[in-house]
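Reader: Please show me the structure, and then let us go through it by question and answer.

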Protein chains: 2
Amino acid sequence: MSQDRGKSDGTVGKALEILDLVASFGRPVRFSDVLERAPFPKATVYRFIQTLTSQGMLSYDPDRQTYAPGIRLVRLAHSAWQQSSLAPIARPHIDALAQEVGETVHLAQLDNAQVLYVDKIVPGQPIEMYSQAGKVGPAYCTGVGKAMMAYLEPEHLAAVIAQQSFHVFTEYTLASEQALRAELMDIRTNGYGFDREEHEPNIICAAIPILTAQGRVLGALSVTSSTQRTNLAALEALVPRILRAAFAIACEAESWRFPDQSNMQSAQAAKG
Amino acid sequence: MSQDRGKSDGTVGKALEILDLVASFGRPVRFSDVLERAPFPKATVYRFIQTLTSQGMLSYDPDRQTYAPGIRLVRLAHSAWQQSSLAPIARPHIDALAQEVGETVHLAQLDNAQVLYVDKIVPGQPIEMYSQAGKVGPAYCTGVGKAMMAYLEPEHLAAVIAQQSFHVFTEYTLASEQALRAELMDIRTNGYGFDREEHEPNIICAAIPILTAQGRVLGALSVTSSTQRTNLAALEALVPRILRAAFAIACEAESWRFPDQSNMQSAQAAKG
DNA sequence: TTTCAAGTTCCAATATGTGAAACTTGGTTT
DNA sequence: AAACCAAGTTTCACATATTGGAACTTGAAA
């Protein structure tokens, strides 16, 4: 679960490592919980937690004496989701796609070496955003993960692969670098890939990368279903439709410019 | 828009200041855009941006040569929203409330000296989460902002007030500390407050703080409408119902413990 | 009262961050 | 093609912030 973000980004990198560590617990934690897993001495961890808390990146619950990721992150993520994710651009496309094919559509991007889902549409369901966006999954055994990896430059790919756990989830999980690399080559040949119950039993999907004109990986799109409802051949038949959506998203992402509001910035906020 | 998070939290604080600065533009920015507004010399800003980018807190678009808040924030915010915000607990309550009263319900918390909306339910509308959660607004001229301020301890209140801009949005905006303090006293007496078109013309709301048993401010709840649809007296009639929701949320927030999953942590993620 | 774990503070040594200035890059003008 | 300029990047001596061992405080339990 630890991540080699670069190597050493000095104090800031270490502080963010602590932030990630707190987040990784998935529940509010005590100082000692953090200390236990942190690769720094007590006083150092203490100072980082103090700083992060004072900065609003962590929130402290005085009743329970616990720390959790702070709401300042929610505000920052609002900007991030709008500006750095494909979701705002992709939303109409994946919405239409989900409606047409009648299956769940995922939009994902790479975060470090993990798959980060930035949007999810379940046809007919109202959208429960934060509970879905922000979720992470393994790259080596999900459709979107493999689709993205297949189009990374060799260097970057090597770095990503080096961070995969190759944990065996099901009998179909690709459990070695060798198997994965072979699969990636296949995906490159076809232009699309599948998840053949590699991560969860009965869950299958067809996934397609979203690429810039220069071939840079922006993200990936997948249509997910279960073996009870359908099969790989049927999903494969949807590929042209998914491809159209992926292409449309890529086009818009490249031509998209933020409306120039630099001067009409909301003057509403706190003191300037 | 600048914020005095504590005073100086050393290097980490400065780096986060740059992060906030980038986010504050509301659009992808060039290095020089950041430099222009940053209170640090070129080389220093440069190093921070490099570090933040390498850390995934900023994302860099090589085509356009711009920086924007990075998707790592989305992952972190997922944890933050689940653990530090009232939203997951409050959702059923505010959902029911919105349905019953047939008006928009906001759930907000304080982030530094600003109001941060963590959830919003529009009755009959599907939920568009990230586009709403994460939004910020001024504390001194919103119902939720005033409701929360009314119950802060004097010290904290002073700090928050000191950061208000008192920008005049409408003819009803409380434009001075004095006027605001008088209003807060009123709110304390009643236990609830209003937004009387103070922020936007025609927009009114009734707001109620969410407090722990010890009186600590957790957040605030509001029912929003417009002068075309209703009036303050009608909103005031809803107060008991809103109060019930706020109380229910406060109770659950206090008794809530995260299910102890410390050992069954998802083994799915990247390398351990 | 004693004990212990958890959390907090201190401070000398030194690793880190700082920022003026020099340099490189890529595009535009003469 | 040469000169120019703005934007971005690198360098390095200096100063400061970070480091972490150890001592201290707190609060709960024996």
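Predicted model: local features only at pLDDT ≥ 70, side-chain atom pairs only at ≥ 80, totals over all residues.

Author: Residues are numbered from 1 along each chain as its sequence is written, chains are lettered from A and ligands numbered from 1 in the order in which they are written, and side-chain values use heavy atoms, with hydrogens and water left out.

Reader: Which helix supplies the largest share of the surface near DNA strand C?

Author: A residue is near the strand if one of its heavy atoms lies within 4 Å of it. Helices are DSSP runs of H or I with at least four residues, and strands are runs of E with at least two, numbered from the N terminus. Helices α1, α2 and α3 of chain A, and α1 and α3 of chain B, each supply at least two residues of this surface. The largest share, 4 residues, comes from α3(B).

Reader: What percentage of the atoms of DNA strand C within 4 Å of the protein belong to sugar or phosphate?

Author: Phosphate oxygens of DNA strand C lie 3.1 Å from a polar side-chain atom of B:Lys14 and 3.0 Å from one of B:Arg47. For the side chain of B:Thr44, an N or O atom is 3.2 Å from a phosphate oxygen. Bases make up the rest of the atoms within 4 Å, and the share of sugar or phosphate is 64%.

Reader: How many residues of β4(B) are buried?

Author: Buried means under 20% relative accessible area, exposed over 50%, and partly exposed in between, using a 1.4 Å probe and protein chains only. Strands pair if DSSP finds at least two bridges between them. β4(B) is joined antiparallel to β3(B) by 7 bridges and antiparallel to β5(B) by 3 bridges. Of the 8 residues of β4(B), which spans 114–121, the number buried is 7.

Reader: Which residue in β4(B) is the bridge partner of B:Leu107?

Author: The hairpin of β3(B) and β4(B) has 2 residues between the strands, and B:Asn112 takes a positive phi near 60 degrees there. Across to β5(B), B:Gln114 stands opposite B:Pro138. The partner of B:Leu107 in β4(B) is B:Asp119.

Reader: How many disulfides does the structure hold over all chains?

Author: A disulfide is a pair of cysteine sulfur atoms within 2.5 Å. A:Cys141 is buried, at 0% relative accessible area, while A:Cys251 is partly exposed, at 38%. Over all chains, the number of disulfides is 0.

Methods:
Polar contact = N/O pair within 3.5 Å; in protein donor to acceptor, adjacent residues only side chain to side chain.
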